[in-house]
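Open the model in your viewer and keep the selection tool at hand. The stops below are meant to be taken in order.

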Amino acid sequence: MGAGKTKRMPRAVREQQMLDAAVRIFGQRGYMAASMDEIAELAGVSKPLVYLYLNSKDDLFSACVRRESRALTEAVRAGVRPGLPADGQLWSGLRAFFTHTASNPDAWRVLHLHARTHGERFAAEVAAMREDIVAFVTQLIAAAAREAHGRPHLPEGEVAGLAEALVGAAESLADWAGATEGVTAKQAAATLMNFAWAGLGDLMAGRPWAPPQETGTEADAETGSESGAPAVPVQAG
């Protein structure tokens, strides 16, 4: 009695299997060292089928970058709980970010390490994802200022700068957490909250930090003297 026919897998499901395998191989080996043979074997398909579905190694890598960028952005947005106070919203968003990066370490390496260094095409796709997250964080900080003061309190440029700094810190901390044994997503999020929220909290309360008043010499060193000549120290007689 012959074996029954194997049910054919839908193309979309098969393609996701290929992308799963590719993310794992690209994440662990990097773009240059990744082998299409190895990706096909891990996906349980033939190499010609990978090329048939995804055209080339570049297109396969690009598809991985797009999928993982979308997944990270959606995870952060879904993690933020709008009904919470400002610090609760930031906390929930950071936990979602660190939970996602910890649960998908190969995807995080593809986005934060390999895509940024392999070529302009892939770096641009990651940059677009990052801009989306920065814009979202900018909205959170601006909303927190409105909540605290009933009106926009922080200049638009300052809010954007704070969002850039916060996202950059989160990216670096995700790398550190991934390389440090025993650090959980909750611990990583708490670390960044302790680092960032004390300052943000003072800003929201109208208590911004200000640099100490500069002496004339310090101001000249930063802006240059009006005459353009170097300052000459005056010696006591």
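**Before selecting anything**

This is a predicted model, in which local features need pLDDT of at least 70 and side-chain atom pairs count only at pLDDT 80 or more, while totals for chains, interfaces and linings use all residues. Residues are numbered from 1 along each chain as its sequence is written, and side-chain values use heavy atoms, with hydrogens and water left out.

**Stop 1: the whole chain**

Switch to a cartoon view. The protein has 10 helices and 0 strands; helices (H or I, at least four residues) and strands (E, at least two) are DSSP runs, numbered from the N terminus. Now colour by accessibility: of the 237 residues, 36% are buried, where buried means under 20% relative accessible area, exposed over 50% and partly exposed in between, with a 1.4 Å probe and protein chains only. Contacts are counted when heavy atoms lie within 4.5 Å. Among contacts between residues at least 6 apart in sequence, 68% join residues at least 24 apart.

**Stop 2: aromatic rings**

Show the side chains of Phe, Tyr and Trp. The structure holds 7 aromatic pairs. Rings of Phe, Tyr and Trp (its six-membered ring) pair if their centres lie within 6.5 Å; planes under 30 degrees apart count as stacked, over 60 as edge-to-face and the rest as tilted.

Select Phe 26 and Phe 61. Their ring centres are 4.8 Å apart and their planes meet at 75°, so this pair is edge-to-face. Phe 26 belongs to helix α1 (residues 11-29) and Phe 61 to helix α4 (residues 57-79), so the pair ties together parts that are 35 residues apart in sequence. Both Phe 26 and Phe 61 are buried.

Next, select Phe 97 and Phe 98. This aromatic pair is also edge-to-face, with 5.1 Å from centre to centre and 80° between the planes. Phe 97 and Phe 98 are both buried.

**Stop 3: charges over rings**

Which residue lies over the face of Tyr 31? Select Lys 57, which is placed there at 4.6 Å from the ring centre. A charge sits over a ring if NZ of Lys or CZ of Arg is within 6 Å of the ring centre and within 35 degrees of the ring normal. Then select Arg 11 and Tyr 53: the charged end of Arg 11 sits over the ring of Tyr 53, 4.1 Å from its centre.

**Stop 4: the largest pocket**

On a 1 Å grid over the protein atoms alone, a cavity is a set of points where a 1.4 Å probe fits but cannot get out, and a pocket is an open set with protein on both sides within 12 Å along at least five of seven lines; lining residues have an atom within 4 Å of a point. Grid points are joined across faces, edges and corners, and a volume is the space filled by probe spheres set on the points.

The largest pocket has a volume of about 270 Å³. Of its 17 lining residues, select Trp 108, Ala 174, Asp 175, Ala 177 and Gly 178, the closest to its centre. At least two lining residues come from each of α5, α6 (105-118), α8 (156-179) and α9 (185-204), and the largest share, 5 residues, comes from α6.

**Stop 5: the cavities**

There are 2 cavities of 30 Å³ or more. The largest cavity holds about 190 Å³ of space. Its lining has 18 residues, and Val 76, Phe 97, Ile 133, Val 137 and Val 167 lie nearest its centre. Helices α4, α5, α7 (120-149) and α8 each give two or more residues to this lining, with the largest share, 6 residues, from α7.

The second largest cavity has a volume of about 30 Å³. Select its lining: Glu 68, Leu 72, His 100, Thr 101, Asn 104, Ala 107, Trp 108 and Leu 111.

**Stop 6: His 100**

His 100 is in helix α5 (residues 86-103). Is it buried or exposed? His 100 is buried, with a relative accessible area of 17%. Leaving out residues up to four places away in sequence, His 100 touches Ala 71, Leu 72 and Ala 75.
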